[in-house]
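Let's take a friendly walk through this structure, one feature at a time. Keep the sequence and the 3D view open as you read.

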Amino acid sequence: QVQLVESGGGLVQPGGSLRVSCAASGSIFTRYTMGWYRRAPGKQREFVARITSGYSTNYADSVKGRFTISRDDAKATVDLQMNSLKPEDTAVYYCNAYNVRASREYWGQGTPVTVSS
């Protein structure tokens, strides 16, 4: 079992930057692929970024070159650095943990990010 807690969301101006963080507990963090997803008002949840236990990363086309995902296995945390933010990035951002071998998936409660002038 994994418990995920996001933090760092808030209000930022277009073109600005924000870092959201996810703290994991309850299992062996290093065995999980970690990811960030987001859900904008009136839209379906979408993939944003992913980082495997081997530190391989993958990004949605919409955020490539602007967002960076990272993990600190010693601290059991995953961060998403968001730069050059756009109004369309406004959404609730969710942390995800996935164990490939066990096909188990966990979600955090989400942290809201608003990009507006």
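Asn99 has its place in strand β9. Please keep in mind that this is a predicted model. Is Asn99 buried or exposed? Its relative accessibility is 13%, and because buried means under 20% relative accessible area, Asn99 counts as buried.

What does the side chain of Asn99 reach? It comes to the backbone nitrogen of Arg101, at 3.1 Å. If you leave aside the neighbours within four places in sequence, Asn99 is in contact with Arg31, Tyr32 and Arg104.

If you look along the link of Cys22 and Cys95, you will find it left-handed, with -80° about the S-S bond. How accessible are the two partners? Cys22 has a relative accessible area of 1%, so it is buried. Cys95 is buried as well, with a relative accessible area of 0%.

## The nonpolar core

Now for the core. The largest nonpolar core has 34 residues. Those with the most contacts inside it are Leu4, Met34, Trp36, Leu80, Met82 and Tyr93.

Beyond its neighbours within four places in sequence, Leu4 is in contact with both cysteines, Cys22 and Cys95. Its other contacts include Ala23, Ala24, Met34 and Asn96, and also Ala97, Tyr106, Trp107, Gly108 and Gln109.

## A four-stranded sheet

Which strands make up the open sheet, and in what order? Four strands form it, in the order β1-β3-β8-β7, and their pairing is antiparallel. The edge strands are β1 (3-7) and β7, each of which pairs on one side only. From one strand to the next, the twist averages 15°.

As background, strands of a sheet pair through backbone hydrogen bonds, either parallel or antiparallel. Here, β1 and β3 run antiparallel and are joined by five bridges. To find your bearings on this pair, look for Ser7, which stands opposite Ser21 in β3.

How values were computed. Residues are numbered from 1 along each chain as its sequence is written. This is a predicted model: local features need pLDDT of at least 70, side-chain atom pairs count only at pLDDT 80 or more; totals for chains, interfaces and linings use all residues. Side-chain values use heavy atoms; hydrogens and water are left out. A nonpolar core is a set of buried Ala, Val, Leu, Ile, Met, Phe, Trp, Tyr and Cys residues joined through side-chain atoms within 4.5 Å. Buried means under 20% relative accessible area, exposed over 50%, partly exposed in between (1.4 Å probe, protein chains only). Contact means heavy atoms within 4.5 Å. Helices (H or I, at least four residues) and strands (E, at least two) are DSSP runs, numbered from the N terminus. A polar contact is a pair of N or O atoms within 3.5 Å; within protein, one must be able to donate a hydrogen and the other to accept it, and residues adjacent in sequence count only if both atoms are side-chain atoms. A disulfide is a pair of cysteine sulfur atoms within 2.5 Å. Two strands pair if DSSP finds at least two bridges between them. Axes are lines fitted to C-alpha atoms, for helices over the stretch in contact, and angles run from 0 to 180 degrees between N-to-C directions.
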